[in-house]
Amino acid sequence: MLNVPSQAFPAPGSQQRVASQGRSKVPLKQGRSLMDWIRLTRSGKDLTGLKGRLIDVTEEELKAHNKKDDCWICIRGLVYNVSPYMEYHPGGEDELMRAAGTDGTDLFNEVHRWVNYESMLKECLVGRMAMKPAVPKGMLPKSQVTDTLLKEGPSSPSHDWFQTESSVTIVIYTKQKNINLDSVVVDLQDDTLRAEAVIKDHSYLIHVGLSHEVLENFSVRAIENVGKVDIVLQKRENISWKCLGHPLEKHDSFIPKKDTGLYYRKCQLISKEDVTHDTRLFCLMLPPSTHLQVPVGHHVYLKLSVTGAEIVKPYTPVSESLFSDFKEPVLPPNKYIYFLIKIYPDGLFTPELDRLQIGDFVSVSSPEGNFKVSKLQDVEDLFLLAAGTGFTPMVNVLNYALTSMSSLRKVKLMFFNKTENDIIWRCQLEKLALKDKRFDVQFVLSEPSSEWNGKQGHVSPALLSEFLQRSSENSRVFLCVCGPTPFTDEGIRLLHDLNFSTDEIHGFTA
Ligand code: FAD
Ligand code: NAP
């Protein structure tokens, strides 16, 4: 809802969305870019009409502010006057008006809960809801949380701890089989331990100030068949602990993932190299006391400060193992995250990212996403349709397919780009196709030079029918689609027309 131009740009149904056949963009009005908004918020202008006063807002009062030129919205208990922001909202005024005069928290969470509206709308803050503050569910007494979950979600995990002379082990009983190391993110900072386990669509959080000091290095083990996770901390001193520590915010909470905020840690830029004329491979190093593995097909959010405002954009890490020759020397696994990122000279975030020097820091969120590798179980033919940087989720899917899918017979990538110069890792893909007979790649260009004798055009029934040849008539198939939103929408529509079912298709979006 309160978005910066990003993933679903222009947002579905917005006034900027493509007119005919989903292709041409209708820009925001002149002088209404996000950068213009940031400038306006810095100008000192009174954007709430309250001269900086913060008030307690009743439900009746909130309801009364429901017009474009007088529009208040409540998000997570705070009320904003969004009228001044209307013309700057990339999703369009209508999308904002859906929440006019109401609590828009659910709508906001649905569309993009990761957007740091607190920073974007700081100057529009009217006050707090007086009667019914929207208390985050994780702050409720445990019994209440559990009651809600009993009706709606998986059963609540629990935790325990034990110690030896030199170590403290925290055990999370997830009550869920097949839990793995991707499902747990652990951050240890100044003796504060934060461990989040994602169980189905819920998040279980352990958040404690440890009672004694521990060493920076710790280990995490997942015992998959019993659904148990062990976090083993090393004591700094060999003394007996009387308790684990004191609970911090949302400790021991189990809430739907969509209701949690994003947690960031600072990662250092280790290297940056050109992959194409406008796309670079960024390598970021996780802090030594973080355990974070991004599941296949998931993404993270990167956060930077752009002229004083915090800007957040999603990016999909790519694995370093598939194209092993892209990085020398090979760095230890799980401590580094690689990203293929296209720099848009007139973009808001990427030029700033590109300006970072080796050694600078970027905030990286915990992983998000709804792709499930379980969907690939028993799949024999996997088809990947990617456009531009929509190739990024395909890298890890491809890696997973070739290394972990015993049923796989064929994986085919159709990669759409404007020109030959835009093709990411063309050489590596061609080499891989030569090396592994199960893999095929086809490049399609929308703006080919006269020398190009490969396929050209846009995603179309003709291109797809030729590409989607199964290895046998009734083979089990799965298809992934990712690129600019209109490309993804069109690809999925065409696949449905070709009689593939919803269960057989995954479209990557935020
Ligand atoms: P923006 O400011 O968003 O601008 C992008 C382009 O749109 C520019 O050319 C700009 O001029 C144009 N534009 C902006 N606003 C308007 C307007 N109002 N009217 C007309 N044109 C406009 N990208 C990657 O490179 N690598 C990834 O791994 C990756 N992963 C992603 C994962 C997910 C889940 C999603 C949703 C997106 C991903 N993206 C990825 C895209 C990324 O999040 C950003 O959208 C992208 O980097 C552009 O950011 P920017 O702020 O630099 O550009
Ligand atoms: P691009 O270079 O602009 O386009 C790549 C190819 O897609 C071009 O051939 C382009 O044709 C074609 N295309 C664009 N819109 C189309 C449409 N409506 N129908 C058919 N073909 C279309 O792409 P990019 O700049 O790299 O952008 C990549 C996009 O992928 C971004 O929007 C990014 O947000 C998204 N992405 C999403 C995820 C995710 O959701 N997980 C991950 C990574 C990237 P033309 O020459 O005609 O434009």
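Ala, Val, Leu, Ile, Met, Phe, Trp, Tyr, Cys and Pro count as nonpolar, Asp, Glu, Lys and Arg count as charged, and the others, Gly among them, count as polar. By that division, the shell around ligand 2 in this predicted model holds 9 nonpolar, 11 polar and 4 charged residues. Residues are numbered from 1 along each chain as its sequence is written, while chains are lettered from A and ligands numbered from 1 in the order in which they are written. Because the model is predicted, local features need pLDDT of at least 70 and side-chain atom pairs count only at pLDDT 80 or more, whereas totals for chains, interfaces and linings use all residues, and side-chain values use heavy atoms, with hydrogens and water left out.

**Surroundings of ligand 2**

- Ligand 2 is surrounded by 24 residues, of which the closest are Lys342, Tyr344, Lys418, Ser446 and His458; a residue is near a molecule or strand if one of its heavy atoms lies within 4 Å of it.
- An oxygen atom of ligand 2 lies 2.7 Å from an N or O atom in the side chain of Tyr344, and an oxygen atom of the ligand is 2.8 Å from an N or O atom in the side chain of Lys418.
- A polar backbone atom of Pro484 is 3.4 Å from an oxygen atom of ligand 2.
- Taken alone, ligand 2 exposes 930 Å², and the protein buries 82% of that; accessible areas come from the Shrake-Rupley method with a 1.4 Å probe, and for residues only the protein chains shown count as cover.
- The elements that give two or more residues to the shell around ligand 2 are H8, S24 and helix H11 (485-497), where helices (H or I, at least four residues) and strands (E, at least two) are DSSP runs numbered from the N terminus.

**Aromatic pairs**

- The structure holds 11 aromatic pairs; rings of Phe, Tyr and Trp (its six-membered ring) pair if their centres lie within 6.5 Å, and planes under 30 degrees apart count as stacked, over 60 as edge-to-face and the rest as tilted.
- One of these pairs is the edge-to-face pair of Tyr204 and Phe254, with 6.3 Å centre to centre and 65 degrees between the planes.
- This pair links distant parts of the chain, since Tyr204 is in strand S10 (residues 202-210) and Phe254 is in strand S14 (residues 253-256), 50 residues apart.
- Both Tyr204 and Phe254 are buried, where buried means under 20% relative accessible area, exposed means over 50%, and partly exposed means in between (1.4 Å probe, protein chains only).
- Phe391 and Trp425 also form an edge-to-face pair, with 6.3 Å centre to centre and 90 degrees between the planes.
- Phe391 lies in the loop between strand S23 (381-387) and helix H8 (392-404), and Trp425 in the loop between strand S24 (410-417) and helix H9 (426-435), so this pair ties together parts that are 34 residues apart in sequence.
- Phe391 counts as buried at 1% relative accessibility, and Trp425 counts as buried at 5%.
- Phe391, Phe415, Trp425 and Phe443 form one aromatic cluster.

**Residues with positive phi**

- Most residues other than glycine have a negative phi.
- Asp191, although it is not a glycine, has a positive phi of about 65 degrees; Asp191 is in the loop between strand S8 (184-189) and strand S9 (192-199) and is partly exposed, with a relative accessible area of 24%.
- Lys200, which is not a glycine, has a positive phi of about 50 degrees; Lys200 lies in the loop between S9 and S10 and is exposed, with a relative accessible area of 55%.

Key. A polar contact is a pair of N or O atoms within 3.5 Å; within protein, one must be able to donate a hydrogen and the other to accept it, and residues adjacent in sequence count only if both atoms are side-chain atoms.
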